[in-house]
Amino acid sequence: MTIVPVNRRAFIKSSAAVTAGLVLSPAIIGRAEAATLKLKCSSSLPNDPKFANGRVYYDNLVKNLKGNGLGEQIEIAFFPDNQLGQEIDVINSVKLGVIDLMVSGSSISANLVPLVGTYDLGFLFSSFPQQTKAFDAGAAKPIEDALLKGGNIRIIAWAYNFGSRSVLAKKPVKTPEDLAGLKIRTLPNPVITECLRLMGAAATPLAFGEIYTALQAGVLDGLEHDPPTILASKFFETAKFYALTQHNFSPLAIYFSDVTYNRMDPKLREGFLDAAKKAAADTRAHGLAVEKEALAALTEKGVTVAECDREAFRKRVAPQTENFIKARPESKAVIDIIRATQA
């Protein structure tokens with residue numbers, strides 16, 4: 001297991017040098033493939049082995065690589081807590097093959113391929129198990145194909161963010177009227193930003209690594225995220241009211257650079273992809289288990305966790321899906337599959 005603290009500038013410089021060397025020296029490629037394959041995996045979340053989905057997935061991946069007999073052949077270096085940059089920079093590095101793996105919600109890749117934003121539509125999914133059912137029924141493949149074609153990135157497995165996204169604020173929120181005027185951080189993604197705007201908030205896109213200080217400084221009045229992430233990132237220190245809007249069951253994607261995919265030995269690749277899928281299944285089970293535990297821990301930290309008028313929020317957001325379909329007709333097939341699995 002390799003968890004590496006790193007200076008980002010030094011990392012980029014060394015990565016560029018390595019990339020240039022590989023391009024110029026085919027003989028080096030042959031020797032590198034014969035040796036241990038070293039991959040870099042990035043996560044924006046803290047290095048928390050229980051409540052941070054990136055670290056949990058990484059630990060499961062290492063375990064399953066060993067189980068497949070690849071522990072000595074593939075070495076994963078894990079970079080948590082935005083060590084390699086903000087997520088928008090990292091996913092572009094995955095596109096280029098500078099970073100091999102990224103564990104993050106599907107939302108960030110909508111900046112590269114807007115169709116991925118289908119999954120960010122408010123109140124689209126009713127639960128994570130329903131999401132898996134919909135993906136197995138065909139709702140994942142069009143998104144995966146679009147990201148590979150438009151972003152040079154493969155989604156090699158799907159997991160869950162550790163709980164549905166709800167609103168943490170500095171004041172109680174029970175209705176859309178309570179959100180009026182509150183600056184609520186959203187992902188830098190137009191679909192989820194629009195969802196929060198329709199819910200009543202002054203939706204404020206901001207990089208994940210800037211949230212805590214913005215809450216401290218009063219630039220933000222709150223954010224929307226899942227309970228374990230709020231706990232692991234200590235956002236509860238600056239906002240004490242968690243309204244269970246559950247407006248988004250955000251899929252967790254395991255992004256894999258197509259550049260890395262194509263340079264892997266096919267036999268090694270097959271075992272790696274199998275381990276990656278097994279690790280995702282393990283991470284899904286873990287995520288379902290820790291959401292309630294995180295909510296209880298937040299209560300112990302002084303956060304008021306409360307139900308709200310979800311139906312009022314859902315009605316406010318309802319037009320978003322139909323407008324999205326009008327703008328992106330190719331999303332309709334995906335949305336129809338998801339809706340068909342609601343029952």
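Predicted model: local features only at pLDDT ≥ 70, side-chain atom pairs only at ≥ 80, totals over all residues.
A residue is taken as buried when its relative accessible area is under 20%. By that cut-off asparagine 82, with a relative accessible area of 15%, is buried. Asparagine 82 lies in the loop between S3 and H4. Its phi is near 60°, a positive value in a residue other than glycine. A positive phi, near 50°, also occurs at glutamine 246, again a residue other than glycine. Glutamine 246, however, belongs to strand S10 (residues 241–248) and counts as partly exposed, at 25% relative accessibility.

The sheets come next. An open sheet of 6 strands is ordered S1-S3-S2-S4-S11-S5, and its pairing is mixed. Strand S1 (2–3) and S5 form the edges; each has a single partner strand, so one side of each is left without a neighbour in the sheet. S5 and S11 run antiparallel and are joined by 7 bridges. Within this pairing, arginine 154 faces phenylalanine 256 in S11.

Strand S9 (residues 222–225) has pairings of its own. With strand S6 (residues 165–169), S9 pairs in the antiparallel sense over 4 bridges, and valine 167 stands opposite glutamate 224 in S9. With strand S7 (residues 183–186), S9 runs parallel and is joined by 2 bridges; here glycine 222 in S9 is the bridge partner of isoleucine 184. In a regular strand, side chains alternate between the two faces of the sheet. In S9, Gly222 and Glu224 point one way while Leu223 and His225 point the other way, and all of them are buried.

A straight helix of 12 residues would span 16 Å at 1.5 Å a residue, whereas H5 spans only 14 Å between its end C-alpha atoms. At the start of H5, a side-chain oxygen of serine 127 comes to within 3.1 Å of the backbone nitrogen of glutamine 130. Phe128, Gln130, Gln131, Ala134, Phe135 and Ala139 are the buried residues of H5. These residues lie on the same side of H5, because they cover an arc of only 145° around the axis. Their cover includes helix H6 (141–151) and helix H12 (266–300), together with helix H15 (332–340). Strand S5 (153–160) and strand S11 (251–257) also contribute to that cover.

Leaving aside neighbours within four places in sequence, the contacts of serine 109 are Ile91, Val116, Leu147 and Tyr255.

In soluble globular proteins, nonpolar side chains tend to be buried together.

Lysine 50 is placed in the loop between strand S2 (37–42) and helix H3 (53–67), and it counts as partly exposed because its relative accessibility is 33%. Beyond its neighbours within four places in sequence, lysine 50 is in contact with Val56, Phe162, His286, Val290 and Glu293. The side chains of lysine 50 and glutamate 293 are joined by a polar contact of 2.2 Å. Lysine 50 and alanine 232 are 182 residues apart along the chain, and their C-alpha atoms are separated by 8.7 Å.

Definitions and conventions: Residues numbered from 1 in each chain as written. Heavy atoms only, no water. Contact = heavy atoms within 4.5 Å. Expected span 1.5 Å × (residues − 1). Buried < 20%, exposed > 50% of the residue type's maximum accessible area, 1.4 Å probe, protein only. Arc of directions from axis to C-beta. Polar contact = N/O pair within 3.5 Å; in protein donor to acceptor, adjacent residues only side chain to side chain. Pairing = 2+ DSSP bridges.
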